[in-house]
Amino acid sequence: MGNLERFIFGSMLSINIVLFIIGFLMYRKWRNPTYMKFFGAFALMLLANVGMILMPQKLMAAYMFFLSLYAAGIVLTQIGIFRLYYNKRTDKLYVHMGGTAITLVSAAMSLFLPIQMSSFLLFLSVVGVTLYTLVKIFPEVGVNPKYFIVTILFAMQMLLHLTGAFTGYEMLAEISLVFSVFASFIVFTMVFEKIIGVMQAATYTSTRDEVTGLFTQKHFIHQANQALARGKTVGVLYIEIQNSPHISEEESFKRAGRAVGRALEGSGFAGRYQGEAIVALITSSNIPLAELSNSIRMKIDVEASSTVLIGYIDIKPEFTLEDHILEAKEGAVRTKQNGLNRIFDLDQSKILAD
C-alpha cells in the first residue's frame with residue numbers, strides 16, 4: 001500500500017469513525033427516523049470502509065462488494081441530509097429508496113458480475129439520485145450549497161471508479177476515493193452544524209417561555225438569585241396583565257412579553273412568573289423605578305391592548321428574592337384596589353396616576 005493510498009484510506013477511516021459515533025449518539029439521544037437513517041448509513045460506510053482497506057486490489061469482486069455497501073451508505077446519507085435540512089417536507093424520495101435498493105442488489109451480485117457491470121450499476125444508482133436531487137428537489141426547496149457539493153462529489157467518485165473499471169487503471173479507483181473523503185468531511189460539518197443548532201434550540205427553549213419569549217420562572221429565579229448575590233440589583237417589578245376582551249390570553253402575554261423585553265434592554269431582565277404574571281429584576285439605576293414602571297405600563301397598554309397592574313420595590317439587603325416578589329406583588333394588588341393603570345411603590349406609599 002503506497003503512501004497516497006494510506007493517506008486516503010486513513011482519512012476516510014477517521015472521518016467515518018467520527019460519523020459513526022455521531023450517528024450512534026444522535027440516534028441514542030433523539031431516536032427519530034432521521035437519526036436512525038444517519039446511524040444506519042454511517043454504520044454501512046464504516047463497515048464498507050474497513051472492508052475496502054483490507055482489499056489489496058481495487059478492481060476485484062470482493063472490493064466491489066464493499067464499495068456497493070459504501071454506495072448504499074452514501075444514498076442513505078443523502079436521504080438523512082434532506083430530512084435534516086428540509087424537515088418540513090414530506091417527500092417520499094422514491095428515487096433515493098430505489099438507489100439504495102440498486103446498490104444493495106449490486107452488493108449481492110458483485111461477486112458474480114464482471115467488475116465493469118457492478119461499477120456501472122453503482123454509477124447509475126448514485127448519479128440517478130444526484131440528477132433527481134439537482135433537477136427535482138433543489139428547484140422546489142432551494143439549493144443548499146453543502147448538500148449540492150456532497151451530491152456532486154459522490155457522483156464524481158462513482159464516475160472516476162467506473163472509468164478505472166473500464167480502462168483497467170487501478171490508480172483511478174484509488175483517486176476516486178479522494179472525492180469521498182471531501183464529501184464525507186462536508187457531511188460531518190453539516191451534521192455537526194445541525195447538532196449544535198438543535199442543542200442551542202434546546203437550551204433556549206429550556207430557559208425561555210414559549211409565549212412571552214422571556215425567561216421561564218425557574219431560569220429567572222436562578223439568574224435573579226445570582227444577581228442578588230453579586231449585589232448588582234436595584235429593584236423588582238411585579239407585572240400583572242389584565243386580559244383584553246379583543247385578543248386571546250396567549251396573544252396578550254405574547255405582546256406584553258415583547259414589550260417588557262424591549263423596555264428592559266440594558267436595565268435588567270424578566271421572566272414569566274406562576275403562569276399569570278411577569279416579574280422583572282432591575283440591574284441598572286439609570287432610570288428611576290417609577291419612570292421605568294410607567295414606561296413599561298404604557299408600552300404594554302399600547303402594544304398588547306391590555307390593562308396592566310404594576311408593583312415595584314427597591315432592593316432591601318435583608319430580603320430574599322421571594323420577599324421582594326411578594327412585596328412587589330402587594331403593590332400590584334393595591335394598584336388594583338385603588339384604580340387600574342396606576343403604579344404602586346410600597347416604599348414611597350404613593351400612587352402614580354396617569
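## Reading a predicted chain, feature by feature

Trainee: Which residues is Thr 216 in contact with, leaving aside its neighbours within four places in sequence?
Mentor: Contact means heavy atoms within 4.5 Å. With neighbours within four places in sequence left aside, Thr 216 is in contact with Ser 206, Thr 207, Arg 208, Asp 209 and Arg 272.

Trainee: What kind of model is this, and how are residues numbered?
Mentor: This is a predicted model, in which local features need pLDDT of at least 70 and side-chain atom pairs count only at pLDDT 80 or more, while totals for chains, interfaces and linings use all residues. Numbering runs from 1 along each chain as its sequence is written, and side-chain values use heavy atoms, with hydrogens and water left out.

Trainee: How many helices and strands does the protein chain have?
Mentor: Elements are DSSP runs, numbered from the N terminus: helices are H or I with at least four residues, strands are E with at least two. The protein chain has 11 helices and 6 strands.

Trainee: What does the radius of gyration say about the protein chain?
Mentor: The radius is taken over C-alpha atoms, and the globule rule is 2.2 Å times the number of residues to the power 0.38. For 354 residues the rule gives 20 Å; the chain has 31 Å, well over that, so it is more spread out than a compact globule. Along the principal axes, its C-alpha atoms fill a box of roughly 95 × 45 × 30 Å.

Trainee: What percentage of the residues count as buried?
Mentor: Of the 354 residues, 45% do. For contacts between residues at least 6 apart in sequence, 68% join residues at least 24 apart.

Trainee: What part of the accessible surface belongs to carbon and sulfur atoms?
Mentor: Such areas come from the Shrake-Rupley method with a 1.4 Å probe; for residues, only the protein chains shown count as cover. The total here is about 17,000 Å², with 61% belonging to carbon and sulfur atoms.

Trainee: Which residues have the most contacts inside the largest nonpolar core?
Mentor: In soluble globular proteins, nonpolar side chains tend to be buried together. A nonpolar core is a set of buried Ala, Val, Leu, Ile, Met, Phe, Trp, Tyr and Cys residues joined through side-chain atoms within 4.5 Å. The largest one has 55 residues, and those with the most contacts inside it are Phe 38, Met 52, Ile 81, Met 158 and Val 191.

Trainee: Which elements give two or more residues to this core?
Mentor: They are α1 (3-30), α2 (33-54), α3 (61-85), α5 (115-141), α6 (145-167) and α7 (170-207). The most comes from α3, with 14 residues. Take Met 158: leaving aside neighbours within four places in sequence, its contacts are Leu 67, Ala 71, Ile 74, Leu 122, Phe 123 and Val 126. There is also a second, separate core of 22 residues, including Val 260, Ala 263, Leu 292 and Val 308.

Trainee: Where is Leu 321, and which residues does it touch?
Mentor: Leu 321 lies in helix α11 (residues 321-338). At 6% relative accessible area, it is buried. Not counting residues up to four places away in sequence, Leu 321 touches Ile 221, Ala 224, Asn 225 and Leu 228. Leu 321 and Ala 224 are 97 residues apart in sequence and 7.4 Å apart in space, C-alpha to C-alpha.

Trainee: Where is Arg 262?
Mentor: Arg 262 is in helix α9 (residues 249-263). Its relative accessible area is 41%, so it is partly exposed. Arg 262 and Val 95 are 167 residues apart in sequence and 49 Å apart in space, C-alpha to C-alpha.

Note on methods:
Buried means under 20% relative accessible area, exposed over 50%, partly exposed in between (1.4 Å probe, protein chains only).
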